[in-house]
Amino acid sequence: MTTTTTTAATQGAHISEGRGMAVGFVAGLVCVAFAAVLPDNVAYLYLGAQLAAIGWVYFGFGVADGRLSAIGIEVLSASAFLTVGFLGAYHQSAVILGLGFLAHGAWDWLHHDGHGPARIRTWYPPFCVVVDVVTAIPILAGWVV
């Protein structure tokens with residue numbers, strides 16, 4: 001019975017992750033579509049602010065986790081993404097912003113399957129990886145700004 005329970009839990013996690021990825025794809029498209037209709041100078045600010053904001057979501061996960069080590073590491077990572085978002089907006093650099101979103105996707109992936117510094121719901125890292133990649137590709141390709 002334990003194997004059946006484990007298998008059912010694993011299947012449920014995969015379904016949840018799949019849904020998260022589908023929602024992440026749509027969310028990434030919405031982000032890119034919104035940025036695409038803004039004037040470039042405003043789109044840089046929007047994308048920089050978004051990159052800064054998504055970094056701080058993990059700070060919330062660190063606080064929810066409760067361990068000081070998780071909080072400290074998540075504060076450092078959030079501060080790094082805040083800085084990259086600011087620099088990308090300030091310098092109006094699609095390269096900085098696009099690479100920042102890809103770096104955030106890597107940070108998300110690090111948290112997959114409970115491997116990151118903070119405990120996070122299983123569906124969130126796949127969701128956020130997809131949002132970040134779907135957002136980064138058009139930025140780096142020059143389709144948005």
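Contact means heavy atoms within 4.5 Å of each other. Helices (H or I, at least four residues) and strands (E, at least two) are DSSP runs, numbered from the N terminus.

This is a predicted model, in which local features need pLDDT of at least 70 and side-chain atom pairs count only at pLDDT 80 or more, while totals for chains, interfaces and linings use all residues. Residues are numbered from 1 along each chain as its sequence is written, and side-chain values use heavy atoms, with hydrogens and water left out.

**Figure 1. The whole chain.** The chain holds five helices and zero strands. Along the sequence, the pattern reads α-α-α-α-α. The C-alpha trace spans about 60 × 35 × 15 Å along its principal axes. Of the 145 residues, 42% are buried (under 20% relative accessible area; exposed is over 50%, partly exposed in between; 1.4 Å probe, protein chains only). Take the contacts between residues at least 6 apart in sequence: 72% of them join residues at least 24 apart.

**Figure 2. Helix α2 against helix α5.** Two packed helices are described by the angle between their axes and the distance between the axes. Axes are lines fitted to C-alpha atoms, for helices over the stretch in contact, and angles run from 0 to 180 degrees between N-to-C directions. Here α2 (residues 40-65) and α5 (residues 124-141) have axes that come within 13 Å and cross at roughly 165°. The two helices are therefore roughly antiparallel (angles over 145 degrees; under 35 is roughly parallel, 65 to 115 roughly perpendicular, the rest oblique). The crossing of α2 and α5 is left-handed (the near helix is turned anticlockwise from the far one by less than a right angle; clockwise is right-handed). From α2 come Leu47, Ile54, Val57, Tyr58 and Phe61. They meet Tyr124, Pro125, Cys128, Asp132, Thr135 and Ile139 in α5. The residues of this contact divide into nine nonpolar, one polar and one charged. Ala, Val, Leu, Ile, Met, Phe, Trp, Tyr, Cys and Pro count as nonpolar, Asp, Glu, Lys and Arg as charged, and the others, Gly among them, as polar.

**Figure 3. Helix α2 against helix α4.** The axes of α2 and α4 (residues 94-110) come within 10 Å and cross at roughly 20°. This pair is therefore roughly parallel. The crossing of α2 and α4 is left-handed. On the α2 side, the contact includes Tyr44, Leu47, Gly48 and Gln50. On the α4 side, the residues include Phe101, His104 and Trp107. The contact of α2 with α4 has nine nonpolar, five polar and one charged residue.

**Figure 4. Asp65 and its neighbours.** Asp65 sits in helix α2. Its relative accessible area is 13%, so Asp65 is buried. The side chains of Asp65 and Arg67 are joined by a polar contact of 2.7 Å (a pair of N or O atoms within 3.5 Å; within protein, one must be able to donate a hydrogen and the other to accept it, and residues adjacent in sequence count only if both atoms are side-chain atoms). Leaving out residues up to four places away in sequence, Asp65 touches Ala70, Pro117, Ala118 and Arg119.

**Figure 5. Leu110 in helix α4.** Leu110 belongs to helix α4. Its relative accessibility is 39%, so Leu110 counts as partly exposed. Leu110 and Pro125 are 15 residues apart along the chain, and their C-alpha atoms are separated by 8.2 Å.
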